[in-house]
Amino acid sequence: MTSIIGREIKLEDGAPKVQGQLKFGSDLVLHGQLYARLVTSPHAHALVTAIDTTGATKLEGVHSVITAVDLPDIAPASRSMLLLAKDRVRFVGHPVALVLAESEAIAQDAADQVLVNYEPQPHVTGLEATLALNAAPVWPEGLPGASAEAAAHGAVGGGDSGGAEASPNVAGDSTFERGNLEQGFAEADHIIECTYRTAGVHQSYIEPHATLVEIGPTGDEATVWTATQGTFFVRDAVAAVLSMEASSVRVVGTPVGGGFGAKFCLYEPLLALAAKVSGRPVSMTMNRMEEMITATPAPATRVKVKLGAKRTGEMTALDAELVMDCGCFPGSMSILGPMLMGSNYQCPNQRVQGVEVLTNSPSTGAYRAPAAPQCAFAIESAIDEMARALDLDPLEFRAANASKPGDKMAMGNPWPVMGLVEVLDAMRNHPMWRDREQARAQGRGIGIAIGGWPGGIEPAAAACSLQGDGVLQIQISSVDLTGTRTTFQQIAAETFGIEPDQIRIISGDTQSGPFAGSTGGSKITYTVGPAIMEAVAEVKQQVLELASGVLEADAEDLEIKDGAVQVKGAPQSAIPLAKLARKTMSYGSTHKPLYGQGRNAQPGQAPGFCGQLAEVSVDQDTGEVTVHKLLLIQDVGKAINPLLVRGQMQGGAMQGLGWALYEELSTNEDGQTVTATLSDYALPHIAHLPTEFVMETVEVPAPTGPFGAKGVGEPPVIATAAAVANAVADAVGARVRSLPLSPPRVLAAGREN
Amino acid sequence: MKPCSFEYVKAESLEHALAVLVEHGDEAKILAGGQSLVPAMNFRLAQPAVLVDLNGVGALSGIERVDGMVQVGAMTRQRSAERSSVLSAHVPLVTETMPFIAHAQIRNRGTFGGSIAHADPSAELPAISVALSATLQVTSSRGSRSIAASDFYVDLLTTALEADEILVRVDLPIAVPGSGFAFAEVSRRHGDYALVGVAASVQCDASGVCQQARVSLLSVGPGPVLSTSCAAALIGERPTTRTIADAAAATASDDIDPEGDIHASARFRRHLARVLVERTLTRAFARAAVSAGAAEQA
Ligand SMILES: Cc1cc2nc3c(=O)[nH]c(=O)nc-3n(C[C@H](O)[C@H](O)[C@H](O)COP(=O)(O)OP(=O)(O)OC[C@H]3O[C@@H](n4cnc5c(N)ncnc54)[C@H](O)[C@@H]3O)c2cc1C
């Protein structure tokens with residue numbers, strides 16, 4: 001048998017997905033269920049003085065209209081606990097009431113007839129406005145508790161908080177310093193000091209949030225079917241609002257039609273309460289406009305960078321401040337920025353700071369490598385500007401300062417094994433970089449950038465059993481977003497010595513499966529994979545021991561081949577696995593079941609780096625940018641399934657092109673999201689695929705990763721925008737310091753030149 | 001998203017549709033390809049009480065050359081117009097423009113007449129109907145009338161159509177020797193409504209003197225805007241790089257009054273208008289010269 005690791009196996013659920021056969025959350029219907037529709041605030045900040053639901057309730061088919069008075073008084077510890085506004089709305093889209101009706105259309109009709117009296121209050125939108133000391137406070141009564149959602153994403157922990165006089169809307173501030181900044185800048189031959197901005201963007205998963213909740217007949221159990229990246233996370237939130245034990249809540253993850261960080265927990269607690277109050281199952285599928293105005297997009301940012309370097313190419317000082325407009329709810333993300341801005345390069349003197357500010361806008365959340373595309377855009381642009389100013393080769397300038405394993409990260413802890421240097425080496429040798437002068441001769445611009453993601457960890461367990469038909473069944477509870485079930489088939493098959501089609505992966509709910517962390521932070525293969533390997537190895541040992549008795553041979557002299565156990569090199573001795581398994585599953589048998597367990601807690605993270613090269617042309621009269629070529633070189637540790645790895649890289653880079661060129665959430669002065677449809681909010685299309693879209697991998701094994709694998713989902717989105725911006729600067733000699741690089745911005749930058 | 005409830009009538013004939021319009025007045029709306037109307041209903045921006053579906057009225061589709069015209073039935077799918085050999089031979093501006101309208105999936109349903117009747121200021125077909133001096137044939141139970149395209153677009157999403165009238169056909173004059181055309185637009189992404197678009201239709205005599213210069217712009221006003229500066233500067237002249245550039249600059253500064261929105265400021269739209277008028281005129285005159293030369297040789 002050739003190795004299964006490295007084999008290109010198609011996604012197990014790929015065909016049913018594209019053929020429309022997979023059942024998503026909104027396809028589920030329970031007898032007697034009600035359909036819910038939100039009534040949301042049209043004001044950015046207002047007091048709710050009265051809610052009149054009589055007209056809505058009178059409509060035929062309306063069950064009830066739920067408002068805050070029907071719900072327990074719960075402190076909003078996280079965004080999903082915001083439930084319905086009690087007396088104050090804080091953003092356009094803030095839920096005020098929930099209509100329950102016999103059909104979705106009736107619920108919508110009724111939602112339009114719920115009359116709410118608002119008394120508008122001063123509001124603040126936009127990052128600069130909210131930083132002002134006299135900004136209208138988003139939470140006049142005091143900030144709510146920090147969210148667990150950021151921790152669930154699990155990139156980093158720790159950090160400190162600044163204390164200087166600040167706007168009432170500063171919700172978090174983390175700064176890390178080392179060396180002596182002043183001295184660092186004094187030593188520099190050149191200093192770049194620039195401000196970069198990135199627009200708020202939306203994860204724009206195809207499938208909207210869809211949830212169905214049923215309360216058990218005795219009222220002390222609940223089942224939640226929901227499209228979530230983290231079933232255990234939802235379980236705890238729902239149990240808290242229902243005042244139930246977490247173990248009484250069963251959360252069944254439905255297939256996720258795109259999450260990208262936005263599907264942890266949003267309206268599940270509210271819908272669980274609605275099911276409890278109404279006594280009927282309640283289902284809600286959000287519509288696209290609701291997704292745009294009342295979900296959790298990624299924050300708009302401003303990054304100030306001051307960078308000093310010597311003519312010889314050594315970085316001497318870095319002072320970088322990231323400010324994130326996190327909308328109306330704190331997300332504890334301020335720690336991410338400093339880590340991402342101050343770790344990839346070794347700069348002896350630096351101060352890196354992350355500030356989280358609040359505005360009367362939808363709260364923000366995680367989006368594939370949260371904060372990283374924004375930080376990379378700023379830092380990688382500044383590095384490029386420096387290389388240009390000092391006439392240094394941009395790749396060599398990066399390589400000269402690149403971090404290596406053991407070097408210090410921003411917080412002072414050492415980098416674990418990581419492959420930034422290897423990625424840069426591969427870029428240096430790639431023809432698309434080597435032949436760059438030819439592209440330039442045709443008027444094109446070439447830009448490079450790198451992006452790194454530290455990777456997440458969280459404990460996970462798995463169970464494995466050999467079935468009577470010879471199939472090896474694996475039970476886990478992690479949510480599959482990226483094809484991990486297919487990868488796990490390969491990992492289990494390789495470990496056991498059978499073909500992947502003999503492996504069945506069962507994804508359990510929160511009651512039937514072992515624990516796994518939420519799918520976020522690029523950690524599922526890395527953390528669940530080893531648990532599966534351990535469980536499979538245990539069963540393999542049991543199988544060999546069982547066969548050893550039957551074949552009257554030492555277990556060490558046996559091998560598993562072609563679905564059977566045989567004495568090494570003696571196929572005539574083979575007993576099929578199915579036959580062995582059945583020996584443990586029959587009346588009167590004295591053999592124990594073939595059942596193993598695996599547990600894993602990774603000792604540390606496995607960072608992944610991805611370098612990108614973009615080749616662009618710019619229409620200098622209209623400002624239109626065309627990306628002709630995009631190259632990604634990523635350290636993936638070990639590509640267990642190169643097809644799926646490339647898929648992740650392609651998807652990430654396409655989203656990166658959205659960051660780079662198209663996507664921008666806009667709100668007007670009233671706090672209204674004016675890009676509330678996918679016609680006003682521009683996502684990249686398949687037509688924007690670069691003509692040459694090249695994915696390459698390098699493999700620097702993660703010491704404790706399964707077969708050396710590390711997370712691959714997040715790294716490929718990070719550097720795209722920066723690479724494109726650097727390529728545009730190369731093409732037209734003008735630097736655009738705001739994302740997206742829309743035609744007006746490109747044109748304006750060209751004019752300034 | 002769900003629309004408000006409405007009554008649906010599948011018209012069996014044009015007469016049937018007209019009768020329903022008489023009965024319900026402006027409570028009723030025609031359903032053509034539904035690519036603009038249905039999204040508006042789902043967003044509840046449009047709440048018609050009655051929908052009159054023309055999709056079963058076969059007599060309203062088809063493309064035919066009749067005398068000096070190509071007649072396009074209102075219900076002809078945009079995709080059929082895009083692929084029509086009659087149009088590519090005789091009204092090539094249509095063929096060049098069609099791919100800029102939305103995406104293939106939408107053009108499979110969207111109709112030629114629906115786009116013109118909808119009169120979106122960012123739509124391509126209204127602009128080229130003006131550039132080409134199309135004639136719009138409309139009918140009601142009171143009788144039929146013809147409306148020149150330049151008189152048809154009254155205001156934002158408003159046309160000269162009365163509530164009981166249906167657009168049945170669009171008549172496009174066929175290209176004569178010495179004529180040239182071009183279309184160009186800038187949008188955020190291909191398939192989006194244009195930030196600015198320009199349709200140019202010119203004609204030169206055998207000596208290269210410009211006889212006609214109809215340049216129509218989209219997304220820069222409440223409807224398609226016909227440039228008077230281009231006609232004034234170019235007709236009677238032999239176009240040069242310089243006169244074309246001047247005509248483009250005059251169009252951008254004097255003929256249009258674009259508004260700014262989240263996608264482009266008014267200033268940026270003016271800039272694009274100048275660039276695109278210059279580009280389309282340059283291409284149109286080059287084609288006119290080729291066409292005149294070919295006519296000379298024949
Ligand atoms: C995602 C998307 C992108 C698009 N992009 C573009 C674009 O880039 N450029 C562009 O031009 N269009 C675009 N469109 C619109 C598309 O071209 C529509 O098809 C067109 O505008 C309307 O044609 P329809 O046949 O679909 O008309 P409908 O939507 O059925 O009707 C539109 C309106 O016209 C009226 N109407 C239709 N036919 C008649 C008639 N014969 N007589 C009287 N009244 C009539 C209807 O009552 C209605 O008010 C886009 C649409 C979508 C969904």
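Author: One definition before we begin: a helix here is a DSSP run of H or I with at least four residues, and helices are numbered from the N terminus. The model we are looking at is a predicted one.

Reader: Okay, then what happens just after α8(B)?

Author: Just after that helix, B:Ser133 takes a positive phi, with a value of about 55°.

Reader: And is α8(B) itself mostly covered or mostly open?

Author: Helix α8(B) is mostly covered, since 8 of its 8 residues count as buried, which means that each has 20 or more other C-beta atoms within 10 Å of its own. The buried residues include B:Glu124 and B:Ser129 as well as B:Leu125, B:Ile128 and B:Val130.

Reader: Which residues come nearest the ligand?

Author: There are 30 residues around the ligand, and those that come nearest are B:Gly33, B:Gln35, B:Gly110, B:Gly114 and B:Ala123.

Reader: Why is the site shared between chains?

Author: The site is shared because the residues that surround the ligand come from chains A and B. Within chain B, domain 1 (7–53) and domain 2 (58–173) each provide at least three residues of the shell.

Reader: What classes of residue does the shell have?

Author: Sorted by class, the shell around the ligand has 16 nonpolar, 11 polar and 3 charged residues.

Reader: Switching topic, how many residues does the contact take from each chain?

Author: The contact takes 18 residues from chain A and 14 residues from chain B. On the side of chain B that touches chain A, the largest share is the 3 residues that come from helix α12 (residues 266–297) of chain B. That side of chain B has 7 nonpolar, 3 polar and 4 charged residues.

Reader: What about chain B as a whole, how many helices and strands?

Author: Chain B has 12 helices and 14 strands, and 50% of its 298 residues count as buried. Its C-alpha trace spans about 60 × 45 × 30 Å along the principal axes.

Reader: Now chain A, what domains is it divided into?

Author: Chain A is divided into domain 1 (1–30 + 209–285), domain 2 (32–121), domain 3 (300–455 + 605–752) and domain 4 (457–600). Taken over C-alpha atoms, the centres of domain 2 and domain 4 of chain A are separated by 49 Å.

Reader: And which residues touch the most other members of the largest nonpolar core?

Author: That core has 234 residues, and A:Ala36, A:Val99, A:Ala462, A:Ile532, A:Val724 and A:Val728 touch the most other members. Helix α17 (residues 524–551) of chain A gives the most to this core, with 13 residues. Apart from this core lies another, of 90 residues, with B:Leu54 and B:Ala273 among them.

Reader: What does A:Ile532 touch?

Author: Leaving out residues up to four places away in sequence, A:Ile532 touches several residues, including A:Ala462, A:Ile474, A:Phe488 and A:Gly598.

Conventions: Residues numbered from 1 in each chain as written. Chains lettered and ligands numbered in written order. Predicted model: local features only at pLDDT ≥ 70, side-chain atom pairs only at ≥ 80, totals over all residues. Contact = placed C-beta atoms within 7 Å. Helix = DSSP H or I, 4+ residues; strand = E, 2+ residues; numbered from the N terminus. Nonpolar A, V, L, I, M, F, W, Y, C, P; charged D, E, K, R; others polar. Near = placed C-beta within 6 Å. Domains from an automatic or database assignment. Buried ≥ 20, exposed ≤ 12 C-beta atoms within 10 Å, placed from the backbone. Core = buried A, V, L, I, M, F, W, Y, C linked by C-beta atoms within 7 Å.
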